[in-house]
2 protein chains.
Amino acid sequence: MISKKMQEQVKNSSVIRAMFEEGKRLADIYGAENVFDFSLGNPNVEPPEDVKNAILEVVNDSNSTGIHGYMNNSGYENVRAAIANSINNKFGTAFTPKNIIMTVGAAGGLNVILKTLLNPKDEVITFAPFFGEYRNYVKNYDGELVVVSPNTIDFQPNLEEFKEKITANTKAVIINSPNNPTGVIYSEETIIKLSNILREKQKELGTDIYIIADEPYRELAYDNAEVPYLSKYYENTIIGYSYSKSLSLPGERIGYLVISDQAADYENIVAAANIANRILGFVNAPALFQRVIAKCLDAKVDLEAYNKNRELLYKGLLSFGYECIKPEGAFYMFVKTPIENDAEFCSLANKKNILIVPGSAFGCPGYVRIAYCVAYETIEKALPGFKALIEELR
Amino acid sequence: MISKKMQEQVKNSSVIRAMFEEGKRLADIYGAENVFDFSLGNPNVEPPEDVKNAILEVVNDSNSTGIHGYMNNSGYENVRAAIANSINNKFGTAFTPKNIIMTVGAAGGLNVILKTLLNPKDEVITFAPFFGEYRNYVKNYDGELVVVSPNTIDFQPNLEEFKEKITANTKAVIINSPNNPTGVIYSEETIIKLSNILREKQKELGTDIYIIADEPYRELAYDNAEVPYLSKYYENTIIGYSYSKSLSLPGERIGYLVISDQAADYENIVAAANIANRILGFVNAPALFQRVIAKCLDAKVDLEAYNKNRELLYKGLLSFGYECIKPEGAFYMFVKTPIENDAEFCSLANKKNILIVPGSAFGCPGYVRIAYCVAYETIEKALPGFKALIEELR
């Protein structure tokens, strides 16, 4: 028999599975091209050509033996040096390879750092709406996720409530900007205030509270919006990065952690995170893609494709009477549902062959997440359905 | 501050780190070519040419868009089908894609299945000598590793003691054959007896006890030795496989789990293992290498290279007076130390620029593990050191 924890997980996952099955059922009836799947954050924009070229370069290099072998658990030293340099050039930081641990995507990185930091019952704060997996990642190490309720005015974090929820057991705060599911970028003002609150509370409580910045969407910022680099504002900072979205490589599981050397207990965090990477079974980030991304540090996916989707969907939805914040980053739109029950709204959308995710899954009922990392035509073809939906509900 | 569990880990790891540092120190003084590093299971034999060709084929296929995207957490359906077929052809089994979950190597697979099965305090039995990471993997899920003491006659499992150590809390048994560190293959007779004991005990205790077969060394069997396929002997079987050694791809983190549909609670195990793969942060096995290995199912590394190393090292050590079992598989030799203290013997070996691992790390003091997945010349050059070592200790 499976474990008790996993029995719960299997039960809960049946909702998502049901949705997935419903999508398949619709595709079988109407054809996949007539089902508008906005449910997944799977980038439809292809990786930049540099990625293919880099793979060919690495594989065809006749001098390279052992390219698929083990390396240090933290990854290749030269790859980590290249990443550190690249961050330093962009953000004026002073990282070295020692600050960087290559990880199996950001999901791997978050698990590594949570295993490193959390004792059972330690609290990790995050801001609704939030990526639902945080709950699972924190539970993996018997920590407790404490959710700050959403500020639905502009979806910047609710800092008043945040301050109240910090306790002596608060070990970390997960920040995700550009945000999944809202597309909001946390402003510099927000980050400064948040950092000041944490510094005060650390002093008051005599504890260390780490910011874990989950940044898979960092490069997906529209209109040249700035995404503040957290380590510049707060000492106890750990950044989880991923190439899943910036290079459209989600299936390859490649990312890294940046551990600021200003973080309390820095040496031990680095040592422990390396061990966690090993004993959790990641062992190391995939070897080939470490070399590949080191050759693609200045490459980016075609952001304009997502931007065109954003404009089309945003203007369309607004013209039909939907309410939502225009996303500044990522490829999600978080839309207020015309009826209170977001799950019911998703069911109604299903009947128009539109697949979207209820805001409840992100700790923010009354909203839905539309992932617009799809073909432009998918949005064009789905818009009449969105229009009909809101009209029928009036 | 890091978690209490990880504080312990960091403390314990300092021994291995010290060894690693010692190796680097020696290499700096004497030159890397004069330091004989037998400490790591990092294959020196290059992957078969098929691997490179497969990578080029996948990447150059002009029809393939989305090859780096997400897929189902269990991996590509067609890759899993190809693997199931390949296993069925070799072993007369009847697996389908549903039985297969692609994993981030065998280490990832073991973590996934242990997370799936273990409640806190559940016991997992393994046979000394054993791969030390099992202890960490089981601890990750608050289980308890129960070690059956070694049978140093032939290093087949001690089944008498095994029987005694099975309790109502026994959830699983980890079997590793060909074995790290001994190179021994558990015989069909062993497997049949072990299966019968488990069946009896299951009946007696009214529990399900799963065999978890950790099989990264399956293809590395010399003299056409047979490695029994566990699911044919025992119903509650889960197999963890890896291409790390069979195709020399340890850095790429690609393997799979086989979950027998005869296993108790099969449907839930499959569902839960998929979720575990996701929430532990693996998400899925690396996409490109899933496609690559599907094109290389009949490829193998040059076993003869390891075999030549085996013969050279075995004959050499025996002629100097060392005692050891001739390994039937893998690329390790487990040698009795001429003095009782294996750690001390390793220190003495260090002084001859020979790096080896004490048996204590595998739950079997009085022995050392020599990983002979090195260049033939390394063994040639190291043999005089081994000779001098034993002579000085006489």
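In this predicted model, α2(A) and α2(B) pack with their axes 11 Å apart and at an angle of about 165 degrees. Angles over 145 degrees count as roughly antiparallel, and the two helices are therefore roughly antiparallel to each other. The crossing in which α2(A) passes α2(B) is left-handed. On the chain A side the contact is made by Lys52(A), Ile55(A), Leu56(A), Val59(A) and Asn60(A). On the chain B side it is made by Lys52(B), Ile55(B), Leu56(B), Val59(B) and Asn60(B).

The largest nonpolar core has 123 residues, and its largest share, six residues, comes from α2 of chain A. The residues with the most contacts inside this core are Ile83, Phe162 and Tyr243, each from chain A and from chain B. Taking Ile83(A) and leaving aside its neighbours within four places in sequence, its contacts are Ile100(A), Met102(A), Tyr243(A), Tyr256(A), Ile293(A) and Leu297(A).

Helix α4 (residues 105–117) and helix α8 (residues 266–279) of chain A pack with their axes 8 Å apart, at an angle of about 120 degrees. The pair is therefore oblique, and the crossing of α4(A) and α8(A) is right-handed. From α4(A), the residues making the contact are Val112(A), Ile113(A), Lys115(A), Thr116(A) and Leu117(A). From α8(A), they are Ile269(A), Ala272(A), Ala273(A), Ala276(A), Asn277(A) and Ile279(A).

Two of these residues, Lys115(A) and Ile279(A), are also in contact with Asn140(B). Asn140(B) lies in helix α5 (residues 133–140) of chain B. With a relative accessible area of 7%, Asn140(B) is buried, because buried means under 20%. Its side chain reaches across to chain A, where the backbone oxygen of Ile279(A) is at 2.9 Å.

Helix α10 of chain B, residues 287–294, is mostly covered, with six of its eight residues buried. Which residues of α10(B) are buried? They are Ala287(B), Leu288(B), Phe289(B), Gln290(B), Val292(B) and Ile293(B). These buried residues pack against α9 (287–294) of chain A. Within chain B they pack against α2 (49–60), α3 (77–91), β2 (100–103) and α8 (243–246).

Asn176(B) is found between β5 (170–175) and α7 (188–205) of chain B, and at 4% relative accessibility it counts as buried. The side chain of Asn176(B) reaches the backbone nitrogen of Asn180(B) at 3.0 Å. Leaving aside neighbours within four places in sequence, Asn176(B) is in contact with Tyr134(B), Tyr186(B), Asp214(B), Pro216(B) and Tyr217(B). Thr126(B) is 50 residues from Asn176(B) in sequence, and their C-alpha atoms are 8.7 Å apart in space.

Notes:
Residues are numbered from 1 along each chain as its sequence is written. Chains are lettered from A and ligands numbered from 1 in the order in which they are written. This is a predicted model: local features need pLDDT of at least 70, side-chain atom pairs count only at pLDDT 80 or more; totals for chains, interfaces and linings use all residues. Side-chain values use heavy atoms; hydrogens and water are left out. Buried means under 20% relative accessible area, exposed over 50%, partly exposed in between (1.4 Å probe, protein chains only). Helices (H or I, at least four residues) and strands (E, at least two) are DSSP runs, numbered from the N terminus. Contact means heavy atoms within 4.5 Å. A polar contact is a pair of N or O atoms within 3.5 Å; within protein, one must be able to donate a hydrogen and the other to accept it, and residues adjacent in sequence count only if both atoms are side-chain atoms. A nonpolar core is a set of buried Ala, Val, Leu, Ile, Met, Phe, Trp, Tyr and Cys residues joined through side-chain atoms within 4.5 Å. Axes are lines fitted to C-alpha atoms, for helices over the stretch in contact, and angles run from 0 to 180 degrees between N-to-C directions. Angles under 35 degrees count as roughly parallel, over 145 as roughly antiparallel, 65 to 115 as roughly perpendicular and the rest as oblique. A crossing is left-handed if the near helix is turned anticlockwise from the far one by less than a right angle, and right-handed if clockwise.
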